[in-house]
Amino acid sequence: MSDLRPKAGAPRVLLTTPPGEAHSLGLLGLQASLALTGAHCISLGLQTPASSVASAAIEWDIAIVCISASVCNAKKPLRNYVTELRNQLPKLCR
């Protein structure tokens, strides 16, 4: 993936997993797919707190935030994480 260059004007996409999510395969697959379409991908790695994701999204002018989580994790903590993250992200960030 390091040889792929983002297309001019492509969206900046931030990728991570929520705390407690240690599976990285889905995240890597998503990053590869997005990079192949020309997106500018920035991975924060695994288990990033919502406040850190929001800070990075603001600092790096991120258009899209992608979260990867497995079905093995409890739904309520994931729902709470996504809600917290949405409340902290800029309105134009999807």
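**Reading loops, a pocket and a buried charge**

Author: T17 is situated in the loop that joins β1 and α1; helices (H or I, at least four residues) and strands (E, at least two) are DSSP runs, numbered from the N terminus. The model is predicted, so that local features need pLDDT of at least 70 and side-chain atom pairs pLDDT 80 or more, while totals for chains, interfaces and linings use all residues. Residues are numbered from 1 along each chain as its sequence is written, and side-chain values use heavy atoms, with hydrogens and water left out.

Reader: Is T17 buried or exposed?

Author: Buried means under 20% relative accessible area, exposed over 50%, and partly exposed in between (1.4 Å probe, protein chains only). T17 has a relative accessible area of 0% and is therefore buried. A polar atom of the T17 side chain lies 2.9 Å from the backbone oxygen of E21.

Reader: Where is E21, and which side chain does the side chain of E21 contact?

Author: E21 belongs to the loop between β1 (12-16) and α1 (25-36). A polar contact is a pair of N or O atoms within 3.5 Å; within protein, one must be able to donate a hydrogen and the other to accept it, and residues adjacent in sequence count only if both atoms are side-chain atoms. The side chain of E21 makes such a contact with that of H23, at 2.7 Å.

Reader: What is the nearest side chain of opposite charge to E21?

Author: Lys and Arg count as positive and Asp and Glu as negative, while His and the chain ends are not counted. A salt bridge requires a side-chain nitrogen of Lys or Arg within 4 Å of a carboxyl oxygen of Asp or Glu. E21 is buried yet has no salt bridge, and K75, the nearest side chain of opposite charge, is 13 Å away.

Reader: Where is D61 found, and what is its phi?

Author: D61 is in the loop between α2 and β3 (64-67), and its phi is positive, about 55 degrees, although D61 is not a glycine. D61 has 61% relative accessibility and so counts as exposed.

Reader: Which residues line the largest pocket?

Author: On a 1 Å grid over the protein atoms alone, a pocket is an open set of points with protein on both sides within 12 Å along at least five of seven lines, and lining residues have an atom within 4 Å of a point. The lining consists of V65, I67, V82, L85, R86, L89, P90, K91, C93 and R94. The largest share, three residues, comes from α3. The largest pocket holds about 180 Å³ of space.

Reader: Where is R86, and is R86 buried or exposed?

Author: R86 is placed in helix α3. R86 is exposed because its relative accessible area is 66%.

Note on methods:
1 Å grid on protein atoms, 1.4 Å probe; cavity = no way out; pocket = protein on both sides within 12 Å on 5 of 7 lines; lining within 4 Å. Points joined across faces, edges and corners; volume = space filled by probe spheres on them.
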